[in-house]
Every structure is written in structure tokens, then in C-alpha cells.
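Here is a short report on selected features of one protein model. Please read it with the structure open.

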Amino acid sequence: MAALYACTKCHQRFPFEALSQGQQLCKECRIAHPVVKCTYCRTEYQQESKTNTICKKCAQNVQLYGTPKPCQYCNIIAAFIGNKCQRCTNSEKKYGPPYSCEQCKQQCAFDRKDDRKKVDGKLLCWLCTLSYKRVLQKTKEQRKHLSSSSRSGHQEKEQYSRLSGGGHYNSFSPDLALDSPGTDHFVIIAQLKEEVATLKKMLHQKDQMILEKEKKITELKADFQYQESQMRAKMNQMEKTHKEVTEQLQAKNRELLKQAAALSKSKKSEKSGAITSP
């Protein structure tokens, strides 16, 4: 009896071939918990639920520091502290300032001073390196599939030639299929598709940023207009109150002047009466 191995998620036992290579998950767990990219840092993680779109590390950082900003180097929305993401900050401390990526042309590729760590001799940023490696992996899988299918086709043709008596049959070479121009075209097409998908995601992220900024600007304009209207109403009220107080003081001043004139007149009449009396 063949040995059975436990799935790392549901802990049920399956044959080794039925489990995934990386995290040893069964088919049902791979469907229920697919490997997706984090909305912020773009790293791959095991999704716990459909509503969970960010990894655990970014979720903790959101609770501590709030919504992140785009990194000034790689434009990934993962700058929780300052203007740089943690990946670019660590790389800058270790390898110095970034260079232009030979694939996306952004100033976000760090030179490790080691040609062995470059991808086919190219200086690529982190995202382009992942994309390039995915394309190479897909190409290897396609070539393996082509190789197996070509071998089976080759065996069928040889069998047919033996049965039909054609001893000089020119069989199909698997190596020729692997080195054919169609395979190179497939690599280029797969790489271009990966680049288009990456650019679409970046465009969607920038559109979301623009929408958020426009929303913020609209809120600030509305707040400014409200404060301006409140200030004008307050100034009008102060001006009205000042005018009323001024009018009251002027009326009181006129009344006091009248009283002073009346008193002065009565004193003059008393003095004149006192002089004329014997």
C-alpha cells in the first residue's frame, strides 16, 4: 500500500502526488485557499477567505500605521512609514541607491554587485524579476509538455512505419520541436502578457489613487466653502452688532449733549437773576 501524507491545511491524508509541491495542500484546499497576491505589497500568500485581499503582515501594518502610500521608488502601495516601502528601504541600506530597471524602466532596481543574482544578466526590479521567473517556469512546463507529446507522437509514427513496412521513415525530432521558433514566440508572448497584466494592475492602482485624491480634494473644497460661509456670516453679524452699538452710543451722546446744554442754560439764568436782585 502506498504511503499517505497529510495536507497542511485540512490534515487529511492523500498520496504524495495529490499534494502541491510548495505547501503540501490537497486539491480541495488549493481551491478553497488559492495563492493570491497581496493588494499592497504584491507578495503571494495563502488566501483565507474571499474578502481577505491583503497578507497578514500588511494587515498588522494597517492597524498600526493606517493605509499605506505608494513607494517613491517602485510605486507599490506599501509605504507604511515615510515615502518608501520596507523592501526598498532595506535594499537601499544594503545595496545603495536604486538604478533603472531594464524591463519597466522605473528607478527601482538595486544592484547586488553579483552577476549570479541577476536574471539572465539583466538588472531587474523585484516585480519584474518575479514576472520573468514565472514566464521561465511556464516555458519550462510548456517545453516539458511539448517534449512528452512529441515523444509519444514519435513512438506512434515509428510503430506505424514498422507496421506499414516503411523502414526509411523520417521521424519527428523532439529536440527540433524544443528549439523551433514557435517556442521562442511563445516565451515572448507569455512575457508580454505578464507585462500587460502588471501594467494593468499598476494602472488600476493609480486610478484608485487619483479617485481617492479627487475625493479628498472635493471634501476639502466643501469644507473650505462651509468655513468661508460661516466666516462671512460671522463677519456680517459682527458688523451689524457694531453698527447697532455705534448708533446707540451716538444717540446717547446726543442726549447727553442736550442735557449739558440745558444745564448750562439754567445756570446762566440763575446767575443773571442773582445779579439783578437788590
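A residue counts as buried under 20% relative accessible area, as exposed over 50%, and as partly exposed in between. E92 has a relative accessible area of 22%, so E92 is partly exposed. The model is predicted.

**Salt bridges**

Side chains of opposite charge can pair when their charged atoms come close. Here the count comes to two salt bridges. One joins E92 to K84, with the closest N and O atoms 2.8 Å apart. K84 has 26% relative accessibility, so K84 is partly exposed.

The side chains of R232 and E228 form a salt bridge as well, at 3.1 Å from N to O. These two residues sit in helix 6; because R232 and E228 are four residues apart there, about one helical turn separates them. R232 reaches 52% relative accessibility and so counts as exposed. E228, at 31%, is partly exposed.

| Residue | Relative accessible area | Class |
|---|---|---|
| E92 | 22% | partly exposed |
| K84 | 26% | partly exposed |
| R232 | 52% | exposed |
| E228 | 31% | partly exposed |

**The cavity**

How many cavities of 30 Å³ or more does the structure hold? There is one. The largest cavity contains about 100 Å³ of space. Its lining consists of K37, R42, C74, N75, I76, L127, S131, T198, K201, M202 and Q205. Two elements give two or more residues to this lining: helix 4 (126–164) and helix 6 (181–276). Helix 6 gives the most, with four residues. By class, the lining has four nonpolar, four polar and three charged residues.

**A nonpolar surface patch**

L64, Y65 and I81 make up a nonpolar patch on the surface. Together they have about 350 Å² of accessible area. I81 lies in the loop between strand 6 (77–79) and helix 3 (86–95). Is I81 buried or exposed? Its relative accessibility is 53%, so I81 counts as exposed.

**K9 and C29**

K9 belongs to the loop between strand 1 (4–6) and strand 2 (13–15). With a relative accessible area of 31%, K9 is partly exposed. What separation do the C-alpha atoms of K9 and C29 have? They are 6.7 Å apart, while the two residues are 20 residues apart along the chain.

Terms used
Residues are numbered from 1 along each chain as its sequence is written. This is a predicted model: local features need pLDDT of at least 70, side-chain atom pairs count only at pLDDT 80 or more; totals for chains, interfaces and linings use all residues. Side-chain values use heavy atoms; hydrogens and water are left out. Patches are made of residues with over 30% relative accessible area and no salt bridge: like charges are joined within 9 Å, nonpolar side chains (Val, Leu, Ile, Met, Phe, Trp, Tyr) within 5 Å. Accessible areas come from the Shrake-Rupley method with a 1.4 Å probe; for residues, only the protein chains shown count as cover. A salt bridge is a side-chain nitrogen of Lys or Arg within 4 Å of a carboxyl oxygen of Asp or Glu. Buried means under 20% relative accessible area, exposed over 50%, partly exposed in between (1.4 Å probe, protein chains only). On a 1 Å grid over the protein atoms alone, a cavity is a set of points where a 1.4 Å probe fits but cannot get out, and a pocket is an open set with protein on both sides within 12 Å along at least five of seven lines; lining residues have an atom within 4 Å of a point. Grid points are joined across faces, edges and corners, and a volume is the space filled by probe spheres set on the points. Ala, Val, Leu, Ile, Met, Phe, Trp, Tyr, Cys and Pro count as nonpolar, Asp, Glu, Lys and Arg as charged, and the others, Gly among them, as polar.
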